[in-house]
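My notes follow in the order I took them.

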Amino acid sequence: MKWPLSKKMETSLLTCVIHKSEQITMYCADHSQLCCSKCVELNHRPCLQVTPLHQAARGKSIDFKNLSVSTENTHSQMKQCETYQEDRMKSLKVSYKEHERLIVDGLRVNIVSYLRECETSTVNTTHEHMQYPISEMREEIKYLLADFEKSTIKEKKEELNLKQAPLKVVRNSCIRLQYELFHLHVAIRKVLGKELSFIASKKCLENIQQSDIFIKENFSNKALAVNGKSVYNVKMPSDSNTCGIDSICALPNGQVLVSDYGNNKVKLLNQQYQVVSHCNVSHYNDPPDMCLITPTEVAVTVNGEVQFITVSQSQLAKGRKLKLQNSCHSIAHNQGDLYTCSDTALYKFTLSGKLVCRLYEDTSADYTGLYH
Ligand SMILES: [Zn+2]
Ligand SMILES: [Zn+2]
């Protein structure tokens, strides 16, 4: 014996989703849509297959078990989508807080060193005399600093809100659809009678469809979302060949390094993606790979060796070179360890080039280690 459907749920099932004061009375098979009299009047006049509900429901058997499973699946996907939006909002907040802190810290350091300068330059000569103006100056600067902090924070907060707003909209739609799915899921296990069952199943399907579209547009199981794409030309006047960018490495300060296999160069791009410096590296047979070692140092694979390149004041300079025992096609760095791939194996090295271990090897073919 099922628990009966509550009156409230029954009423909500019978209500037109568009016209909340109207009851569903018809079904348009042309649009596969449940309709109230207003719907019919406004949107389905030319439709050929608009029939009263009881007629539409007649003779239709509904697979509630299947429907229940799909509803549940969709519901859990929507839950994931909601969590994902929440996480994005949180990470935005964290990065803004960090940014804000850096700006304020920077300003504080500047002001303190300025004050020290003032004090040392005046203290020796007219210490007595200057005491008061300095403390006054200190107060003045403190006041300015507080003001700056306030205004920066305010500005950043507004920016943050602006960026979070669309995420909030998506999250709220997520919550609404989840709520509806949940109630329909409860309802389809309880409905009795042909017409109500018909309505419940159609509403369920419609909701699943809407949610699927929603997920495709906002989630689609990706941890990364492409926000946009821009094209920049990194060709230099001295380049004689077509540029071939095989690897790229972003520095924390926003500068970017690219390796140009076509012209045997590693190029440094500024924050506007213009080439500001380069250094020559000869890749005879192997496209280079690159990874970040410190905020101002990268490692590039060059003909099976590892070339370190440092970035200082927007200039590139070649540093030390590691000759490894094996060939080296690709490279990665994690917490002081270098990982490289040879023809067939993955190795772990120290930053000084000492082999730690071979982590993995696949000798089933000649070059299983390429492109990893
Ligand atoms: Zn309606
Ligand atoms: Zn229609």
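I started at N303, which is partly exposed, with 14 other C-beta atoms within 10 Å. The count falls between the limits, because exposed needs 12 or fewer and buried needs 20 or more. I then placed N303 in the chain: it sits in the loop between β9 (297-302) and β10 (305-312). Its phi is near 50 degrees, a positive value, and the residue is not a glycine. I noted the background: most residues other than glycine have a negative phi.

**Another one.** Where is Q335? I found Q335 in the loop between β12 (330-334) and β13 (337-341). Q335 has a positive phi of about 45 degrees, and it is not a glycine either. Is Q335 buried or exposed? Q335 counts as exposed, because I get 4 C-beta neighbours inside 10 Å and the limit for exposed is 12 or fewer.

**Confidence.** I kept in mind that this is a predicted model. The mean pLDDT of the protein is 85. I see 92% of the residues at 70 or more. Which element has the lowest confidence? Helix α4 (residues 64-188) does, at a mean of 82. Strand β1 (residues 26-28) has the highest, at 96.

**The annotated span.** I checked the UniProt record next. An unreviewed entry there lists residues 11-53 as "domain: B box-type". In the model, I find this span to be 28% helix and 21% strand. Its end C-alpha atoms lie 16 Å apart.

**Helix α5.** I tested the length of helix α5 (residues 194-218). Its 25 residues should span 36 Å at 1.5 Å a residue. I then listed what is buried in α5: E195, L196, F198, I199, A200, S201, K203, C204, N207 and S211.

**The nonpolar core.** I looked for the largest nonpolar core and got one of 27 residues. Which residues have the most contacts inside it? They are A187, I199 and A200. I also checked the suppliers: β2 (33-35), α3 (53-57), α4 and α5 each give at least two residues to this core. Helix α4 gives the most, with 10 residues.

**Sheet β4 to β7.** I traced an open sheet of 4 strands in the order β4-β5-β6-β7, with antiparallel pairing. Strands β4 (245-250) and β7 (275-280) stand at the edges with a single partner each, so one side of each has no neighbour in the sheet. The twist averages 20 degrees from one strand to the next. I counted 5 bridges between β4 and β5 (residues 256-260), which run antiparallel. In this pair, C249 stands opposite L257 of β5.

**Sheet β12 to β15.** I traced another open sheet of 4 strands, ordered β12-β13-β14-β15 and paired antiparallel. Its edge strands are β12 and β15 (355-361), and each pairs on one side only. Neighbouring strands here are turned by 20 degrees against each other on average, direction ignored. I found 5 bridges joining β12 to β13, and the two run antiparallel. H333 stands opposite L338 in β13. The loop that holds Q335 lies between these two strands.

Note on methods:
Residues numbered from 1 in each chain as written. Chains lettered and ligands numbered in written order. Predicted model: local features only at pLDDT ≥ 70, side-chain atom pairs only at ≥ 80, totals over all residues. UniProt positions renumbered as here; feature names shortened; annotations may be inferred. pLDDT = per-residue confidence, 0-100. Expected span 1.5 Å × (residues − 1). Pairing = 2+ DSSP bridges. Axes fitted to C-alpha atoms, helices over the stretch in contact; angles between N-to-C directions. Core = buried A, V, L, I, M, F, W, Y, C linked by C-beta atoms within 7 Å.
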